[in-house]
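Here is a guided walk through one protein chain, from its overall build down to a handful of single residues. Keep the viewer open as you read.

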Amino acid sequence: YHYGLKDLVTILFYIFIAIILHAVVQEYALDKINRRLHLSKVKHSKFNESGQLVAFHLTSMIWCLYVVVTEGYLSNPRSLWENYPHVYLPFQVKFFYLCQLAYWLHALPELYFQKVRKEEIPRQLRCIALYLVHVAGAYLLNLTRLGLILLLLQYLAEFFFHMARLVYFTDENNEKLFNVWAVVFVVTRLFTLTLYILVIGFGLPRVENQALDPERGNLFSFLFNNILFRMSVLLLVCLFQASVMWRFIHFQLRRWR
C-alpha cells in the first residue's frame with residue numbers, strides 16, 4: 001500500500017468513528033467519575049481532556065508497539081533508513097497512520113462539542129497542529145518507520161503526564177506520578193533526539209542519490225533527502241526539543257517552589 005488522494009475519504013470516515021468513540025468514553029466513563037468527584041468547572045474540563053487522552057495514548061501505545069515489534073523495526077534499527085524511501089507500506093502501518101490523522105483531525109470539532117473554554121483553545125490548537133504536522137510529515141515523506149518509534153516514545157511520556165493529572169485531580173496530595181513522568185519525559189526526549197540524529201544525520205545520507213520516480217511515488221522523499229533539507233529539519237528538531245526541555249525545566253521549578 002502507498003498513500004494517495006483516496007486516503008482523504010478513509011480519514012473522513014474514521015473522523016466520524018473517532019467522534020463516536022470520544023462520546024462513548026465521555027458518557028460511560030468520564031461523566032460518571034466526574035459526578036462522584038464534584039470538580040470545579042476548570043478541573044472538570046482538564047479532567048475530561050486528560051481522561052480522553054489517557055484512553056487514546058494507551059490504545060496508541062499498545063497498537064504502535066505491536067506494529068513496531070511485528071514489523072521488526074526494533075530488532076533491526078538499520079531498517080529505519082535502509083532502502084529508503086519506504087514507499088510501499090504494510091497494511092497495519094498504513095492503517096495506523098490514517099487512524100492517527102483521523103483522531104487529531106477529529107479533535108478540532110471536539111473543541112466545539114466539548115465546549116472548551118476560550119482561553120484553552122489556543123493551547124489545544126497548537127497541540128493538535130503539532131501532532132498533525134509531525135504525523136502527516138512522516139507519512140508523506142516516507143519516514144513511517146522512524147515516525148512509529150517517535151510516536152511510541154511521545155505517547156509514552158504523554159500517557160504518564162495525563163495519568164498523573166487524573167490522579168492529582170482525585171487526590172491533590174498525590175504527586176508521585178508527576179515524578180515518574182518527569183523521568184520518563186527526559187529519557188524519551190534523549191531517545192527522540194538520538195534517533196533523529198542517527199536516522200536523518202547518518203542513515204539517510206547513505207541512500208541520498210536516488211533517481212526521481214513519480215510513478216513509484218517518491219516525489220516528496222526525493223525532495224527531502226538532500227543535505228540542505230535534512231540539515232534544516234535536524235536544526236529545527238534540535239531547537240524544538242531544546243524549547244520543550246526549557247518549558248519542562250521551568251514547569252519543574254514552579255512545582256518545587
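## Confidence in the model

pLDDT is the predictor's confidence in each residue, from 0 to 100. You will want it at hand, as this is a predicted model. The chain has a mean pLDDT of 88, with 94% of its residues at 70 or more.

Confidence is highest in helix α3, at a mean of 95, and lowest in helix α7 (residues 219-224), where the mean is 63.

## Overall build

Of the contacts with a separation of 6 or more, 77% are between residues 24 or more positions apart. Buried residues account for 42% of the 257 in the chain. The accessible surface comes to about 14800 Å², and carbon and sulfur atoms hold 69% of that area.

In soluble globular proteins, nonpolar side chains tend to be buried together. Here the largest nonpolar core has 57 residues, and the ones with the most contacts inside it are Tyr97, Trp104, Leu148 and Leu204. Two or more residues come from each of α1 (6-37), α2 (41-70), α3, α4 (121-140), α5 (144-170), α6 (176-203) and α8 (227-256). Which element gives the most to this core? That is α5, with 11 residues. Another core lies apart from this one; it has 10 residues, including Ala157, Phe161, Trp181 and Phe248.

Leaving out residues up to four places away in sequence, Leu204 touches Trp81, Tyr84, Leu143, Val199, Phe224, Asn225 and Arg230. One of these partners, Phe224, falls within the residue range of α7, the helix where confidence is lowest.

Now for Gln100, which sits in helix α3 (residues 91-113). Is Gln100 buried or exposed? Its relative accessibility is 2%, under the 20% cut-off, so Gln100 counts as buried. The Gln100 side chain makes a polar contact with the side chain of Ser60, at 3.2 Å. Beyond residues up to four places away in sequence, Gln100 touches Phe56, Ser60, Val135 and Tyr155.

Gln124 lies in helix α4 and is buried too, with a relative accessible area of 14%. Setting aside neighbours within four places in sequence, Gln124 is in contact with Glu49, Leu111 and Val116. In helix α1 you will find Ala18, which is buried at a relative accessible area of 11%. Ala18 touches Tyr103 and His106, again not counting residues up to four places away.

## Two asparagines with positive phi

Next, look at a pair of loop residues. Asn83 belongs to the loop between α2 and α3, and its phi is near 60°, a positive value in a residue other than glycine. Asn142 lies in the loop between α4 and α5 and has a positive phi of about 60° although it is not a glycine.

How do they stand in burial? Asn83 has 63% relative accessibility and therefore counts as exposed. Asn142, at 2% relative accessibility, counts as buried.

## Distances across the chain

Ala18 and Thr188 are 170 residues apart along the chain, and their C-alpha atoms are separated by 27 Å.

Arg254 and Leu152 are 102 residues apart in sequence, with 28 Å between their C-alpha atoms.

Terms used. Residues numbered from 1 in each chain as written. Predicted model: local features only at pLDDT ≥ 70, side-chain atom pairs only at ≥ 80, totals over all residues. Heavy atoms only, no water. Helix = DSSP H or I, 4+ residues; strand = E, 2+ residues; numbered from the N terminus. Buried < 20%, exposed > 50% of the residue type's maximum accessible area, 1.4 Å probe, protein only. Polar contact = N/O pair within 3.5 Å; in protein donor to acceptor, adjacent residues only side chain to side chain. Contact = heavy atoms within 4.5 Å. Areas by Shrake-Rupley, 256 points an atom, 1.4 Å probe, with all protein chains shown as cover. Core = buried A, V, L, I, M, F, W, Y, C linked by side-chain atoms within 4.5 Å.
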